[in-house]
2 protein chains.
Amino acid sequence: MPTFPQSFPMNGGDGPHSYIHNSSYQKVAIDGAKEKTSEAILKNLDLELLNRNSDENILRIADFGCSIGPNTFEVVQNIIDTVKQKNLKENNAYIGAPLEFQVCFNDQPNNDFNTLFRTQPISSKQAYLSVGVPGSFHGRVLPKNSLHIGHITYALHWLSTVPQHVCDKKSPALNKSYIQCNNLVEEVTEAYRVQFKKDMGDFLGARAEELVSGGLMILSGQCLPDGVPKALTWQGVVIDMIGDCLMDMAKQGITTKEKIELFSLPIYIPHISEFKAEIERNENFSIETMEKISHPMDYKPLTNDFITSMFRAILNTIIEEHFGDGVVNELFDRFAKKLNKYPIDFKRCKKYVNYFIVLKRK
Amino acid sequence: MPTFPQSFPMNGGDGPHSYIHNSSYQKVAIDGAKEKTSEAILKNLDLELLNRNSDENILRIADFGCSIGPNTFEVVQNIIDTVKQKNLKENNAYIGAPLEFQVCFNDQPNNDFNTLFRTQPISSKQAYLSVGVPGSFHGRVLPKNSLHIGHITYALHWLSTVPQHVCDKKSPALNKSYIQCNNLVEEVTEAYRVQFKKDMGDFLGARAEELVSGGLMILSGQCLPDGVPKALTWQGVVIDMIGDCLMDMAKQGITTKEKIELFSLPIYIPHISEFKAEIERNENFSIETMEKISHPMDYKPLTNDFITSMFRAILNTIIEEHFGDGVVNELFDRFAKKLNKYPIDFKRCKKYVNYFIVLKRK
């Protein structure tokens, strides 16, 4: 079987370490954006655009980087409910036959689509037609002019690849001491920034081709406040601590220092002004909404168990891929202990900025 | 996780008993139909129908009951190559932008889509956009008026459900002595026939809604010659022999007679005239081609190992589901031995009729 380099889905299945059972942090964020999403659709979606094609009477929705639920099912159900409500309210004369919905669940080809399909609520199966769309959202995955509402939440921080130089032993951008971009080494940050800009351009370019004119792209996720390095956020502290645990394991010969030097996460949390600039740079969309929203969990400290489970569900696959079988259990056991010894000081940590953006295809 | 009653996909993964490694009988049939498929597309597909919708320039192809490859990848590649060839030859003035292809791989939600996506040849990923479409092909799985070429091969013999009466202890149609419809008990055959007619109607009705006017539906598969009971074909003999092995196991207490009485495969091989009648009954399609083709393997006896592996890949899931874990290994060990003792007399067995049909949506 071919492998998919640089593609590390959330932990599959529905076991104790699965993303299904460890995505409540993301869920809270999605709940927070739910009402905003409804408002955006009610305000910005022009149902007449459906009438362009007289043969089809379909409204197509895509959730990019959907992972394996249950969050994605709630997101799309909310979108569909809102469109129906709008359609009813406007008593849309342009639409004759009843509106049909097709939902495109997109994620990498090695996402656990089996679990996604098998855990889909029965009610949703009656409400819309589903397809699984395997492929990176940094490229085209849907036909041109076929999509009406695109959605992406807490997924755009995944880069299409680890920036080349951060794993190059001869480069000044080698990410020697850390397993993430924590903004403490300028050369590393710069390498990540270059990749991020390219990926954002590719993402928006692909969506511009897929969306019909008038179609909406709804984005939510997280940025760093300007001037704040990731190392000062609790998420940054957590990943640096996981890196420290790997170093401890290297000292005991369970893994090697060299392996750690060559490992760096393909994740980049941009600063808010940087992110805005990339959104504004794309000329295919008008910006209907761009605002900061609060993440309800930002104001209460998380328990150590919650943090451990959450990061394990996210990082399990990618760590296993690089360090081999058997390392993950040991690593997260050590991490749990270290976290108990040095708990996160949430009051001192800087907070991410949560954004909510609505773009309209010109 | 919800279960999917009456949905028993081919054996997943890529292990020794997987459908991937045990579908060469089906492959030979598909190879046989390859040229016919190309001819049918060259002759019957009207590329102008693509121009109906000026925004999209997409040709959508669906393989219904696609299972997990490699056969399905070859089928769709052949269709795409043919459409491209036709497009080039006709130098189609109606199509401005380059033609895009989207392939809809359809099968039950518990089909192994993960393996399907992960084993897709890289070349095909560049040639077309892919989606996995989970759902029974007896119902709607795609939007109305969205499909240009539908394809189904060696899958229509799967019914949507086991006919109710054949597992009802109080019914005269209880399939007491056999695990299949082998046409030896008229009440059983009649129950299957009723279900088959309903399913064929549902299948063609759903496709009629999904296909655009002028769209093609290409079907291949197997029927019984009129007047021949399935019990006299080698495939019928094989499944009856598997049933005998189950009975042997019941005698030794490994399973129970009652469990076997309540088990009957949701498979029905119609007689050719019966099948033709169902095709002709649907008024949404014109019949462009309806002919018998030969299956190259019909003229040479198959080895016992080949037969065992082939039927195990097909029946593994459904038998495990009904009889529980651990029965399948034992059953196919016994079957292999019995087959060696009583090899199939291919010369005496009746042969299936292989059909190739092209329908055009009116």
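Me: Buried means under 20% relative accessible area, and exposed means over 50%. In this predicted model, is A:T308 buried or exposed?

Reply: A:T308 is found in helix α9 of chain A, residues 304-323. Its relative accessible area is 11%. The cut-off for burial is under 20%, so A:T308 counts as buried.

Me: Which residues does A:T308 touch, not counting those up to four places away in sequence?

Reply: Contact here means heavy atoms within 4.5 Å. With residues up to four places away in sequence left out, A:T308 touches A:F332, A:F335, A:A336 and A:L339.

Me: In which helix do A:F332 and A:F335 both lie?

Reply: A:F332 and A:F335 are three residues apart, about one turn of the helix. A:F332 is buried at 3% relative accessibility, and A:F335 is buried at 0%. The helix that holds both, residues 327-341 of chain A, is α10.

Me: Why is the pair of A:F332 and A:F335 given its class, and what is that class?

Reply: A pair of aromatic rings is described by the distance of the centres and the angle of the planes. The ring centres of A:F332 and A:F335 are 6.2 Å apart, and their planes stand at 80 degrees. Centres within 6.5 Å make a pair, and planes over 60 degrees apart set its class. The pair of A:F332 and A:F335 is therefore edge-to-face.

Me: What class does the pair of A:F113 and A:F117 have?

Reply: A:F113 and A:F117 both lie in helix α3 of chain A, residues 113-118, four residues apart. Both are buried. Their rings are 6.1 Å apart centre to centre, with 45 degrees between the planes. Planes under 30 degrees apart count as stacked and over 60 as edge-to-face, so the pair of A:F113 and A:F117 is tilted.

Me: How far apart in space are A:F117 and A:F105, C-alpha to C-alpha?

Reply: A:F117 is buried, with a relative accessible area of 1%. A:F117 and A:F105 are 12 residues apart in sequence. In space, C-alpha to C-alpha, A:F117 and A:F105 are separated by 9.7 Å.

Me: How many aromatic pairs are there over all chains?

Reply: Rings pair if their centres lie within 6.5 Å. In chain A, one aromatic cluster is formed by A:Y192, A:F196, A:Y268, A:F275 and A:Y355. Over all chains, the number of aromatic pairs is 28.

Me: Which residue lies over the face of A:F64?

Reply: In chain B, the charged end of B:R207 sits over the ring of B:F64, 4.1 Å from its centre. In chain A, the distance from the ring centre of A:F64 is 4.1 Å. The residue over the face of A:F64 is A:R207.

Me: At roughly what angle do the axes of α6(A) and α10(A) cross?

Reply: The axes of α6(A) and α10(A) come within 9 Å, and their crossing is right-handed. Among the residues that make the contact are A:V238, A:M241 and A:I242 of α6(A) and A:F332 and A:F335 of α10(A). The angle of crossing of α6(A) and α10(A) is roughly 120 degrees.

Me: How far apart are the axes of α6 and α10 in chain B?

Reply: In chain B, helix α6 covers residues 234-251 and helix α10 covers residues 327-341. They pack at an angle of about 120 degrees, and the crossing of α6(B) and α10(B) is right-handed. The axes of these two helices in chain B are apart by 9 Å.

Me: Is the crossing of α5(B) and α8(B) left-handed or right-handed?

Reply: Helix α5 (residues 186-210) and helix α8 (residues 272-281) of chain B have their axes 10 Å apart, at an angle of about 35 degrees. Residues that meet include B:R193 and B:F196 in α5(B) and B:E274 and B:F275 in α8(B). The crossing of α5(B) and α8(B) is right-handed.

Me: Which residue's backbone oxygen lies 2.8 Å from a polar atom of the side chain of A:T233?

Reply: A:T233 lies in the loop between β5 (211-223) and α6 (234-251) of chain A. At 0% relative accessibility, A:T233 is buried. The backbone oxygen at 2.8 Å from its side-chain polar atom belongs to A:K230.

Me: How far apart are the C-alpha atoms of B:V358 and B:L219?

Reply: B:V358 is in strand β7 of chain B, residues 353-361, and is buried at 0% relative accessibility. B:V358 and B:L219 are 139 residues apart along the chain. The C-alpha atoms of B:V358 and B:L219 are separated by 6.4 Å.

Key:
Residues are numbered from 1 along each chain as its sequence is written. Chains are lettered from A and ligands numbered from 1 in the order in which they are written. This is a predicted model: local features need pLDDT of at least 70, side-chain atom pairs count only at pLDDT 80 or more; totals for chains, interfaces and linings use all residues. Side-chain values use heavy atoms; hydrogens and water are left out. Buried means under 20% relative accessible area, exposed over 50%, partly exposed in between (1.4 Å probe, protein chains only). A polar contact is a pair of N or O atoms within 3.5 Å; within protein, one must be able to donate a hydrogen and the other to accept it, and residues adjacent in sequence count only if both atoms are side-chain atoms. Rings of Phe, Tyr and Trp (its six-membered ring) pair if their centres lie within 6.5 Å; planes under 30 degrees apart count as stacked, over 60 as edge-to-face and the rest as tilted. A charge sits over a ring if NZ of Lys or CZ of Arg is within 6 Å of the ring centre and within 35 degrees of the ring normal. Axes are lines fitted to C-alpha atoms, for helices over the stretch in contact, and angles run from 0 to 180 degrees between N-to-C directions. A crossing is left-handed if the near helix is turned anticlockwise from the far one by less than a right angle, and right-handed if clockwise.
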